[in-house]
Amino acid sequence: MSSAATAAALQEVNSRNLARRWVFLWLGLGLIGLFILSLLLGRYPDTGFVSWERLNQDELARLLVFNLRLPRLLTAMALGMSLSAGGMVFQMLFGNPLVEPGFLGVSQGAAFGAALCIVFLGGSAILIQGSAAAFALAGLGLSYLLARRIRYGGWVLRLVLSGIAVSALFSAGLGVLKYMADPLRQLPEITFWLLGGLSSITWTKLFSILPAVILGLVFLFLFRWRLNVLALNDETAFSMGVAPKRERLLLLTAAVLPTAAVISVAGMVGWVGLIMPHIARRLFGSDTRLTLPASMLLGGIFTILCDDLSRTLLAGEIPLGILTSLLGAAIFIVLMVSRGVKAER
Amino acid sequence: MNPSLLSFHQVRFGYNRRSSPVLNGLDLSLKEGCITAILGPNGAGKTTLLYLALGWLKPWAGVINLSGKPIESYSRRALGKQIALIPQSEHIPFEYTVLEYVLLGRAPYLPSQGMPSQADEMIAYDALEKVGITDLFDHSMLAISGGERQLVLTARALAQEPRLLLLDEPTSHLDLSNKYRLVQILKGLQEHGTTILMTTHEPDLALAVSDEAVLMEKGRVLISGQTAEVATGENLSRIYRVPVKIIPVEGKKQVVWM
């Protein structure tokens, strides 16, 4: 073994990892900076930033910042991080860059649950949230049970097929509910929920989702290198001492819990879970040691930015889901067309 | 005589209970430190046998022992440290670098929430050195040739530091020079005490590297023993149903078929 050559090669890898760590640091600082700026940004008293003096003197400004904007921003961050981390985990576990964390019946289940509650139980916020979360998890559960009963194909194919079927069932159910809904009162509420948004976030809502979000994200963060191994096919993963089925189910659940939680309070916010993992891979390669945390940071930044736009662009709020889809799709197109943005590869 | 590292006793296995089993009462014993080649026509159950040896498939009946203990009695992680697999081909979903990919072979030595260390990176790099592709360490897995990819999979298996190495049709993607390289690698591993079991469609390869050969037909072992005695023209003609002759050329045995 020529240890000099080895050392030189590893040195090269290390120096690149060091460079990547700098990018990381900038992303982290970017998120913190954006968070603070966003806290001060809004339409009170005028469009723009609240000054420090006003924050000290004006009671209303203080309430606005700490009781409305702060929980809302924290939720936006949790939303972005959960969807992006979930997206990364799903894309790794399915070995497919086109899946997002809601596709195993989770998003459609949540939408159905919310609509069901609006039509039959009235529009109480806490009930809608509970129903959306319950049906999101039911979506995952159904997809999983159905996948176990399919008798052909590998694990991935079976889950994908049953996810499509369960989503289709829920979306048919959603159609029925929309048809039954009172067109003046309930239908607009369903539509509004489906567009997604954070305007109704309170500290209470944030606290209700925080345990699931933190638990899920910490778990995923700890297991982030393992995701690389679980992206391999079953036999190969098994040959490396992994229990592929059990560990994948564990990580899927850990990804879906925070996703279901944030969807239950924010509605359908599309494209974040699909796009952020792609950008993370463009910046940091494929190793999930780096791309999972990068995806979380990027998701936080992206969602806070979109939410800022949603609050400040127009006098009324623009639903968040519209902005994330619009910007997400635009970024996706740019990513597909350009090859030049690939850093250090 | 070498003790047996892996042995099959009356193993029955099938993929579907309603159809007939793929392996039916199979007996086999792998000697420690030997290279064993499994030959047989398509559908004879060669790959199935390999995945049973890996512990991935569970037999319907019979026992598979690793170092004298039933293979099910080992933990997954313990098995991952002892047995490595080089699959015939592999879907590579994302654009890993070669070194990142080889590093995955360290998984059995790391806890589920562990990260590979500098020492693991050294081992991965050594594995690249053993298969002679250190210059590729920073290339993308999607940008290298099929033969190079096979060598990367070999390096990844070596990073597992296994006692038993399983290869499924190792030469199917390799050109002549890479085939030669693989033969050298396998012989080198054998010198370091690794036991090797491979399936192959090429009697040539078996004659070139293996000490022992197993001829399979319809889920059973037809003949097994020393390669020179097993891979004869007569036996090969019988299992492949094609006239085969073994002709010595410059001291090496060559397989000729009509």
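A crossing of two helices is called left-handed if the near helix is turned anticlockwise from the far one by less than a right angle, and right-handed if clockwise. The model is predicted, and local features need pLDDT of at least 70, side-chain atom pairs count only at pLDDT 80 or more, and totals for chains, interfaces and linings use all residues. Residues are numbered from 1 along each chain as its sequence is written, and chains are lettered from A and ligands numbered from 1 in the order in which they are written.

Chain A contains 14 helices and two strands (DSSP runs numbered from the N terminus, with H or I of at least four residues for helices and E of at least two for strands). Along its principal axes, the C-alpha trace of chain A spans about 75 × 60 × 35 Å. Of the 345 residues of chain A, 47% are buried (20 or more other C-beta atoms within 10 Å of the residue's own, with C-beta atoms placed from the backbone; exposed means 12 or fewer, and partly exposed in between).

In chain A, helix H5 (residues 125-149) packs against helix H6 (residues 155-180) at an angle of about 135 degrees, with the axes 8 Å apart (axes are lines fitted to C-alpha atoms over the stretch in contact, and angles run from 0 to 180 degrees between N-to-C directions). The crossing of H5(A) and H6(A) is right-handed.

In chain B, Glu129(B) lies in helix H4 (residues 118-131). Glu129(B) counts as partly exposed because it has 18 C-beta neighbours inside 10 Å. The C-alpha atoms of Glu129(B) and Glu212(B), 83 residues apart along the chain, are separated by 28 Å.
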